[in-house]
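Hi,

Here is the model I said I would pass on.

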Amino acid sequence: MLKKLLITGATGNLGVVCREGLKPLAETIRLSDRSGLTDAAEHEEIVHCDLGDKHAVEALVEGCDGIVHLGGQSVEATWETVRNANIDGVFNLYEAARKSSVTPRIIFASSNHAIGFHKQTERLDANSLTRPDGLYGVSKVFGEAMASMYYDKFGIETACVRIGSCFPEPRNHRMLATWMSHDDFFALIKRVFTVPRLGCPIIYGASANSESWWDNREVAYLGWEPKDNGEKFREKIDAEMDPPPADDVTAVYQGGAFCGDGIHES
Ligand code: NAI
Ligand code: 15L
């Protein structure tokens, strides 16, 4: 069991479900976001801080033996926004981890948008080239590179999880392949914090979907076996919407609509 688990981005979609779902993993859970956290339970601590604030992040990370780093800009945005949260923020997090009196094991919420410009006809594994589909995707590639460097130089272990689409249910035809259920995400997080040697793996964060573009054989040593399958939602999605035309960006590229988006100017 972890002594103190930090969850960043704790008021976000995944932060809220992790606040409950990861309760059994740690004696104390430190929850952080820019604002909006209330009602700490007995096993919880609340720390409001902007990831772009280096000194605040040092204080945030100190004493934590596990970090689930969900905080940050989670969709395409202007460079200024992406840079503060996902570039400076990730640098601040790793520097804080390096300086901390306890070396934390980290889960970095990377994204399928780090490889979004691969076609849906390709099957990727941990060795596939990155092909980011926007500034947001580039920032996730940066985060993975930071994780790798801090592992090689300082031995800080990180699981870089290229999350597909982690929502209660898939929302469209593309997500039948990219969906990861909350339960499968919790099971993955549990394996990451219990496996004796983690290293710095790239993991594709998807359930055991019948339609799949990603191969996690390289991380079989984690013993993570996702149980859910997006396929059970196919009929529902077919009833709600037509499948996209075969040449539509959402049917061609793994990153879907993000691939068709332009650069967001400030
Ligand atoms: P979200 O946008 O709901 O939550 C992100 C949280 O980070 C927000 O509560 C926001 O206030 C906080 N945040 C943003 N900038 C910050 C800053 N400068 N300082 C402190 N906090 C800041 O995103 P969601 O869906 O919960 O995703 C969590 C993480 O997982 C994100 O890093 C996202 O990129 C990644 N991810 C999520 C996927 C999903 O399907 N939900 C798919 C792929 C990646
Ligand atoms: C992501 O990286 C986003 O954070 C999430 O909101 C979804 O858009 C997801 O990717 C996706 O590709 O479905």
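Some ground rules before anything else. This is a predicted model, so to speak, in which local features need pLDDT of at least 70 and side-chain atom pairs count only at pLDDT 80 or more, while totals for chains, interfaces and linings use all residues. Residues are numbered from 1 along each chain as its sequence is written, chains are lettered from A and ligands numbered from 1 in the order in which they are written, and side-chain values use heavy atoms, with hydrogens and water left out.

**The chain as a whole**

The protein chain has eight helices and seven strands (DSSP runs numbered from the N terminus: H or I of at least four residues for helices, E of at least two for strands). Its radius of gyration is 18 Å, close to the 18 Å that the globule rule gives for 266 residues, so the chain is as compact as a globular protein of that length. That radius is taken over C-alpha atoms, and the rule is 2.2 Å times the number of residues to the power 0.38. Along the principal axes, the C-alpha trace spans about 55 × 40 × 40 Å.

Of the 266 residues, 52% are buried (under 20% relative accessible area; exposed is over 50%, partly exposed in between, with a 1.4 Å probe and protein chains only). The accessible surface is about 12000 Å², and carbon and sulfur atoms hold 50% of that (Shrake-Rupley method, 1.4 Å probe; for residues, only the protein chains shown count as cover). Taking contacts with a separation of 6 or more, 68% are between residues 24 or more positions apart, where contact means heavy atoms within 4.5 Å.

**The α1/α6 pair**

Helix α1 (residues 13-21) packs against helix α6 (residues 182-194) at an angle of about 60°, and their axes are 11 Å apart. The axes are lines fitted to C-alpha atoms over the stretch in contact, with angles from 0 to 180 degrees between N-to-C directions. On the α1 side the contact is made by Leu14, Val17, Cys18 and Gly21, and on the α6 side by His182, Phe185, Phe186 and Ile189. By class that gives six nonpolar, two polar and no charged residues (Ala, Val, Leu, Ile, Met, Phe, Trp, Tyr, Cys and Pro count as nonpolar, Asp, Glu, Lys and Arg as charged, and the others, Gly among them, as polar).

- Aspartate 39 sits in the loop between β2 (26-33) and β3 (44-48). Its phi is near 55°, a positive value in a residue other than glycine, and at 68% relative accessibility it counts as exposed.
- Glycine 52 is in the loop between β3 and α2 and is partly exposed, at 29%. Beyond four places in sequence, glycine 52 is in contact with Asn84 and Asn92.
- Cysteine 64 belongs to the loop between α2 (54-61) and β4 (66-69), and its 0% relative accessibility makes it buried. Leaving aside neighbours within four places, cysteine 64 is in contact with Lys4, Leu6, Arg30, Val102 and Pro104.
- Asparagine 86 lies in helix α3 (residues 79-99) and is buried at 3% relative accessibility. Among the residues that asparagine 86 touches are Gly72, Gln73 and Tyr136.

Cheers
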